[in-house]
Amino acid sequence: MVVKVLFVCLGNICRSPAAEAIFLHKLEEKGLLDKFEVDSAGTGDWHVGRKADSRMRKAASLRGIDIASIARQISLDDFNSFDLILAMDNSNLSDITSLSKQLNSSFKAKIQPLLLYLRNSNILEVPDPYYGGEKGFDSVLDLLEQAIEGLINDINND
Ligand code: 4NP
């Protein structure tokens, strides 16, 4: 069975495209690419059609990770086409939950904060690096790498 995972942030140009690329990179390393489908989206539409932020692409490429996705906005269809919708912060989580109410709460996806999968930590939000300095992108990548390792282990051991 293929598990479909959607990572969601605000703009879909920093955190969620990085999460998508890290997820794909780790799946490839582990030989699990055929077990998953992955995508990312933003709750907002300001950056639709654009590549990920160049600062995030640079920070990821220094780790050997290529961020190739093009920004799109989350849609109502996503709630039935994905198994898991993973939000980067509480504001994303609340926007996604509000949107889901248009479906009268009847849909397939489980909506969770991504950092639920971060082991040995009580941090539940991936900070928004957009208005910060270069260092912010690297610490976001550290958090994402650890949480996604936990996510893959969790799904794979189910
Ligand atoms: P993201 O970061 O949600 O991680 O993609 C942001 C990107 C753009 C904006 C805010 C956050 N913005 O305000 O345009």
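**Entry 1: around the ligand**

I began with the residues around the ligand in this predicted model, and the list I wrote down is Cys9, Leu10, Gly11, Asn12, Ile13, Cys14, Arg15, His47, Asp128, Tyr130 and Tyr131. Sorting this shell by class, I noted six nonpolar, three polar and two charged residues.

For arginine 15, I found a polar side-chain atom 2.8 Å from an oxygen atom of the ligand. Asparagine 12 takes part through its backbone, with an N or O atom lying 3.2 Å from a ligand oxygen. The side chain of aspartate 128 also has an N or O atom in range, at 3.4 Å from an oxygen atom of the ligand. I then checked how much of the ligand is covered: taken alone it exposes 350 Å², and the protein buries 92% of that.

**Entry 2: the pocket**

Which pocket holds the ligand? I looked this up and found that the ligand sits in the largest pocket, where about 160 Å³ of space lies. For its lining I recorded Cys9, Leu10, Gly11, Asn12, Ile13, Cys14, Arg15, Trp46, His47, Asp128, Tyr130 and Tyr131. By class, the lining of the largest pocket divides into seven nonpolar, three polar and two charged residues.

**Entry 3: reading the lists together**

Going back over both lists, I see arginine 15 and aspartate 128 among the residues around the ligand and again among those that line the largest pocket.

Key
Residues are numbered from 1 along each chain as its sequence is written. This is a predicted model: local features need pLDDT of at least 70, side-chain atom pairs count only at pLDDT 80 or more; totals for chains, interfaces and linings use all residues. Side-chain values use heavy atoms; hydrogens and water are left out. A residue is near a molecule or strand if one of its heavy atoms lies within 4 Å of it. A polar contact is a pair of N or O atoms within 3.5 Å; within protein, one must be able to donate a hydrogen and the other to accept it, and residues adjacent in sequence count only if both atoms are side-chain atoms. Accessible areas come from the Shrake-Rupley method with a 1.4 Å probe; for residues, only the protein chains shown count as cover. On a 1 Å grid over the protein atoms alone, a cavity is a set of points where a 1.4 Å probe fits but cannot get out, and a pocket is an open set with protein on both sides within 12 Å along at least five of seven lines; lining residues have an atom within 4 Å of a point. A molecule sits in a cavity or pocket if more than half of its atoms lie within 2 Å of its grid points. Ala, Val, Leu, Ile, Met, Phe, Trp, Tyr, Cys and Pro count as nonpolar, Asp, Glu, Lys and Arg as charged, and the others, Gly among them, as polar. Grid points are joined across faces, edges and corners, and a volume is the space filled by probe spheres set on the points.
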